[in-house]
Amino acid sequence: MTLLLGGAFDPPHNGHVALARKAGEEFGPSLVILVNAAPGHKDVVAGGEERLELARAAFPEYDVDLDPYARTIDLLEARSFEDPLFVVGADEFAHFLETWKRPEDVLELTRLAVAARPGFERAALDGVLARLRHPERVQFFELEPFPISSSDVRARVARGVPIDDLVPPAVAETIWRLGLYR
């Protein structure tokens, strides 16, 4: 099995690291981090190569690669992964059918591991499951919430406020060294 965790990682923060670790504990250590070079669903501040360097700093124990495709389905059709399991958060899964390109085809090519935090409205997730052709290809696992966002990190950097409590030390060092988000 190959566990996949994709994202913009603009920048990666402790919540991303916790998600990767918990997914690895739940499903196995063969994790590939995919830094989306040009996400089709959000704007990014740092360039793809800079975010790749940040992700490598955040996830030194994992294989970190640049994903050149804007949408997950394009990546899955272009690359071959052994028994892929794609990790997403509950917030993302709640909008899976509405916001992902060809979501049913995504589920044909990979299973989903959905990180649900305590207190997240399970009815929203069950509603998505009920509308899927292959709900059995979705697995849930619990993840303690991390009230951190990449936009919070960028805002603190822009104000010159320390970010040591939000990101791994190597990420903070890389942000300062590259002069990002100022």
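Predicted model: local features only at pLDDT ≥ 70, side-chain atom pairs only at ≥ 80, totals over all residues.
Six strands make up an open sheet with parallel pairing, in the order 3-2-1-4-5-6. Strand 3 (63-67) and strand 6 (138-142) are at the edges, and each has a single partner strand, so one side of each lacks a neighbour in the sheet. From one strand to the next, the twist averages 30°.

Strand 4 (residues 84-89) and strand 5 (residues 111-116) run parallel and are joined by five bridges. Opposite Leu112 in strand 5 stands Phe86.

## Helices on the sheet

Helix 1 (residues 14-27) lies across strand 1 (2-7), strand 2 (31-36), strand 4, strand 5 and strand 6. The helix runs at about 115° to strand 6. Helix 2 (residues 48-58) also packs on the sheet, where it touches strand 2 and strand 3. The direction of helix 2 makes about 165° with that of strand 3.

The buried residues of helix 2 are Gly48, Arg51, Leu52, Leu54, Ala55, Ala57 and Ala58. An α-helix has 3.6 residues a turn, so residues three or four places apart point the same way. The partners of the buried residues of helix 2 are helix 1, strand 2, strand 3 and helix 9 (169-178), against which they pack.

## The largest pocket

Rolling a probe the size of a water molecule over the atoms shows where empty space is left. The largest pocket has a volume of about 1200 Å³. It is lined by 45 residues, of which His16, Leu19, Lys42, Gly89 and Glu92 are the closest to its centre. By class, the lining has 21 nonpolar, 13 polar and 11 charged residues.

Several elements each supply at least two residues of this lining: strand 1, helix 1, strand 2, helix 3 (72-78), strand 4, helix 4 (90-94), strand 5 and helix 8 (150-159). Strand 4 gives the largest share, four residues.

## His16

His16, one of the residues closest to the centre of the largest pocket, is in helix 1. His16 has a relative accessible area of 18% and is buried, because buried means under 20%. Leaving aside neighbours within four places in sequence, His16 is in contact with Leu5, Phe9, Pro11, Phe59 and Ser150.

## Backbone features

Most residues other than glycine have a negative phi, and most peptide bonds are trans. With 4% relative accessibility, Phe9 counts as buried.

Asp83, in the loop between helix 3 and strand 4, has a positive phi of about 45° although it is not a glycine. Its relative accessibility is 41%, and Asp83 therefore counts as partly exposed. The cut-offs behind this are under 20% for buried and over 50% for exposed, with partly exposed in between.

Technical notes. Residues numbered from 1 in each chain as written. Heavy atoms only, no water. Pairing = 2+ DSSP bridges. Axes fitted to C-alpha atoms, helices over the stretch in contact; angles between N-to-C directions. Contact = heavy atoms within 4.5 Å. 1 Å grid on protein atoms, 1.4 Å probe; cavity = no way out; pocket = protein on both sides within 12 Å on 5 of 7 lines; lining within 4 Å. Points joined across faces, edges and corners; volume = space filled by probe spheres on them. Nonpolar A, V, L, I, M, F, W, Y, C, P; charged D, E, K, R; others polar. Buried < 20%, exposed > 50% of the residue type's maximum accessible area, 1.4 Å probe, protein only.
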